[in-house]
Amino acid sequence: MQNKAAIIILAIALGLVSIYQLSFTGATYKVKKEAREFAQGSLVKETQYLDSISTLPKEKWSFLGNTFKECQKKELNLGLDLKGGMSVILEVSVEDILKGLSNYNPDKTFNDALIRAREMQKQSQSDYLLLFGKAFQEIDPNAKLASVFGTVELREKINFNSSNEEVLKVLDTEVSGAITNAFNILRTRIDRFGVVQPNITQLATKGRILIDLPGQTNPKRVRELLQGTANLEFWETYENSEIIGYLSSANDLLKEMQVNANTSEPATGSTEVKSATADTSKKDQTLLDLIEKDTTKAADASTREEFTAQNPLFGLLSPRVNQQGQPLPSCMVGLASSKDTARVNALLKMNQVKTLFPRDLKFLWSQNPYKYDPTKTLYELHAIKITTRDGRPPLDGGVITSARTSSGVTGAEVKVDMSMDGEGAKTWARMTRENIDRCLVVVLDGYVRSYPRVQNEITGGNTEITGDFTIEEGDDLANILKSGKLPAPAHIISDTIVGPTLGKEAINAGFYSFIIAFGLVLAFMIFYYSKSAGTIANIALIANVFLLFGVLASLNAVLTLPGIAGIVLTMGMAVDANVLIYERIREELRAGKGIKLAIADGYRHAYSAIIDSNVTTILTGIVLYIFGSGPIKGFATTLVIGILTSMFTAIFITRMIYDSLLKKNANLTFSIKITAEVFKHTKIDFIGMRKYFYVASGVILLGGIVSLFVRGLNPGIDFSGGRTFVIRFDQPVTTEDVASKLNVAFGDLPQVVTFGSVNQVKITTKYRINETGVDDEVDTKLYEGLKDMVGGNVSKDEFLSKYRVSSETVGPVVAADIKINAFFAVGIALILIFFYIFMRFRYWQYGFGAVMSLAHDTLLVIGVYSIFWGLMPFSMEIDQAFIAAVLTVIGFSVNDTVIVFDRLREYIPLYRKRPLKEVLNMAINSTLSRTINTTLTVILTIVAMFIFGGAVIRGFMFALLVGIGTGVYSSVFVATALMYDTSPKGASEEEPKAKIKA
């Protein structure tokens, strides 16, 4: 084997990288195991334990120089279906942005175009802005957009003579800036949310943002966090020296209140304090009890509990003083851990505490962690001074006309220069004049972004903001300043919630099915190809799985339950390369060649078939990755990576092992007595029987087509839009009872099916699906409808956390996009495969036969789903998972077809005098062993996943099971038969083959 040294180095490098990347998963797993043992079943204690470890500096806990928090970011990323959590698709309303840019112009043509574009988007994947421009032109060809958008904000870019095309270009820039601004704000919010390994991605459709929050199952809090509108404000401030006395008084008052709550006798002290204590409201007392209870559960409880008991406020909020106890000059009045900010807010908002502070004071937290904190978990609390009668900021983002990033005098400092309009310049001059040697704060969406100290009055509306920015942070702030004035509300148009219980069950199901499938494949290879050859193939398979997980961890890819299915499927398909090589080696041995030459020729002859068959599957995987989303994208990722690693291990790792064994004159065998003669002398006339199978296929397809017209399909909410809930009861229930109770609650009869066990159901409804912001009301209706079935004393929160295993909402616009993407995905996959086969085999008959057999497989799987949905004890919905199964079937089916075609391409020059029919039969019979063995290993893995993989993935695996079986059938009886029937008869020589090309 050539370049052996380079391959060895590459294999070692890949192995070391995989070990390094997976080691972080091992380190975090160990800590999480210790947390579970410490908590003894308490989720609160487990979370607090992990929080305490994540805040430790490297001196107290580290792994390979990384803190626990950094290790979590590098561990193998589990998807929501395995870890539990929430996934949402947000849509930043381009329509509202355009309205804002026009200053809500009442022009009829403009507003009619907005409405028409909204309707057009439901049936199109084009950007809303393009559809708006088209609609505006259709409604009134003579209307000018310049008259609508010639506002003060855009007058420097748009004049009355600007054409509609020029205006649309300006609008596109403004809209893109607003969307990027919204994306940056959402990313900051999520970073502050405390979620490990969140994912936020801008989707292809402009304005849509995908957000995955693993481990987060509080949908109400997430919705409130994500759907707020960006708001830029400028405020005056109090100095720390002016506020610290009030904070100290608040700390003393809270201490007195806490002492009185824990004793029957009133605490001694001043009359004022006693009076305040006596008037404490029940709400304040409840807050105190909760805070005290929560504080005593901290991991480092002993020291902190004692200090917090004596200092209820300062135990959570560290005041900003120097070593002499003097307040530091700043508007920053304290620091608190991210997990304590909510408790500090609760204390400061208590009725008795609020009366101690000036009425024009409010507190705001910083957006970023305190820059001198190595753990990056401490946030700053700032004292804001309200100077207006209505409580609004004296200056907001509406006055900003431009902003850009620049460098300071030294070139190392990054700052943001900005300009304001006339009114803003006047207000800014007054604010800076009246606050010399004091701080002014820049607040974004309720968080302090910067708090520069004023040195002199700033006139002209040109100023700068500094704040120890990086270049990227400066650019982000500049974008925020520029588009802060634009109204760009974000609406959740799709969301998925997976409970932690379902996530754990999915992990267990995936793990068991993986182990069983892995064991079956290992056992089959040793059984069929002997102990020596089977063991070497199994070593390659183990190396493939190890490298696959290592690459997934290196790329920070998300492992989902369909992703595990992809790994299991990859194991079956990884055997394909070994089977191809081994079958060729066995053929060479039967031809009388020595073991060394047989191995060399076996590998050489198998290369083209391995590459062609795997490339076609990779093409379908890439298409699936581009057009899929969420768990399906995870399936495509593991499938493509698994195919690449399997090719490397099967071709190179096994070859190096054989070269090493041959040098030692090891006794190598490639079969056992039972399997040595299997498929050796088969001479089946497949082409001669093709017409019978044409009829059989026609009958089956006709039955499926009739069923499609009569019964149709069962579209999931991915395609139809709607809401689904998986509810698990304590006792077995009937779907009729659940449906009747929800019919009263929803006012419409939902679809209810048993999902897995008899005490678990899946509910599908379109209740208020076209409305946004009603998710909490829908949850309330669900609870009210089913609370009698779970116990009348169960609260809504307990019902949602305990009995609602998962939920999903897909709006009609997203459903339309998914449907369009599904058609594109299947169509593009077929076209790519046709052209690849056409290029590799040079004749259109090959591509035609392959594509028609793939269409046959696709229609057959769809027909089976139409016939059997509602009859099988598992979900058979047409959703993204089904499309993923169809594409996988396409990739596997063409894999089989390419193997036969590759053998035909090899046989044609060897048997020039024989008719094409005979050569085709020879090619099919000679590859029959490979076809059966590969299909058997893949089916073994799919059956294992089908049985042990859980209810969530059972329908997906059933589609694969049907498709793989039909794929093998069509490769033999459809693809090669159609290729034969469209070729000039008798053309098996090179010259007659030219006629086929013509």
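**Rings, charges and helices in a predicted model**

Visitor: Which residue lies over the face of Y603, and at what distance from the ring centre?

Guide: This is a predicted model. In the model, Y603 belongs to an aromatic cluster that also includes Y582 and Y658. The residue over the face of Y603 is R655, and its distance from the ring centre is 5.1 Å.

Visitor: Which residues form one aromatic cluster with Y603?

Guide: The cluster contains both Phe and Tyr residues, Y603 being one of them.

Visitor: Where does the charged end of R711 sit?

Guide: A charge counts as sitting over a ring if it is within 6 Å of the ring centre and within 35 degrees of the ring normal. For R711 the distance to the ring centre is 4.9 Å, and the ring concerned is that of W869.

Visitor: How many aromatic pairs are found in the whole structure, and are F834 and F838 stacked or edge-to-face?

Guide: The search of the whole structure finds 33 aromatic pairs. The ring centres of F834 and F838 are 6.3 Å apart and their planes meet at 10°. Planes under 30 degrees apart count as stacked, so the pair F834 and F838 is stacked.

Visitor: Which helix holds F834 and F838, and are these residues buried or partly exposed?

Guide: The two residues are four apart, about one turn of the helix, and that helix is α28, residues 812-841. The relative accessible area of F834 is 25%, and the relative accessibility of F838 is 33%. Buried would require under 20%, so F834 is partly exposed and F838 is also partly exposed.

Visitor: Are the rings of Y907 and Y911 stacked or edge-to-face?

Guide: Their centres lie 5.4 Å apart, with the planes at 85°. An angle over 60 degrees counts as edge-to-face. The pair Y907 and Y911 is therefore edge-to-face.

Visitor: How far apart are the end C-alpha atoms of helix α17?

Guide: Helix α17 covers residues 422-434, and among its buried residues are W428 and M431. At 1.5 Å a residue, its 13 residues should span 18 Å.

Visitor: How many residues apart in sequence are the parts tied together by R116 and E138?

Guide: The side chains of R116 and E138 meet in a salt bridge, at 3.3 Å from N to O. R116 lies in helix α6 and E138 in helix α7, so the pair ties together parts whose separation in sequence is 22 residues.

Visitor: Is D601 buried or exposed?

Guide: The side chain of D601 meets that of K593 in a salt bridge of 2.6 Å, N to O. K593 is partly exposed, at 29% relative accessibility. D601 has a relative accessible area of 8%, under the 20% cut-off, so D601 is buried.

Visitor: Where does D685, the salt-bridge partner of K917, lie?

Guide: The salt bridge between K917 and D685 has an N to O distance of 3.9 Å. K917 lies in helix α31, and the pair ties together parts 232 residues apart in sequence. D685 itself lies in the loop between α22 and α23.

Technical notes. Residues numbered from 1 in each chain as written. Predicted model: local features only at pLDDT ≥ 70, side-chain atom pairs only at ≥ 80, totals over all residues. Heavy atoms only, no water. Phe/Tyr/Trp six-rings, centres within 6.5 Å; stacked < 30°, edge-to-face > 60°. Buried < 20%, exposed > 50% of the residue type's maximum accessible area, 1.4 Å probe, protein only. Expected span 1.5 Å × (residues − 1). Salt bridge = Lys/Arg side-chain N within 4 Å of Asp/Glu carboxyl O.
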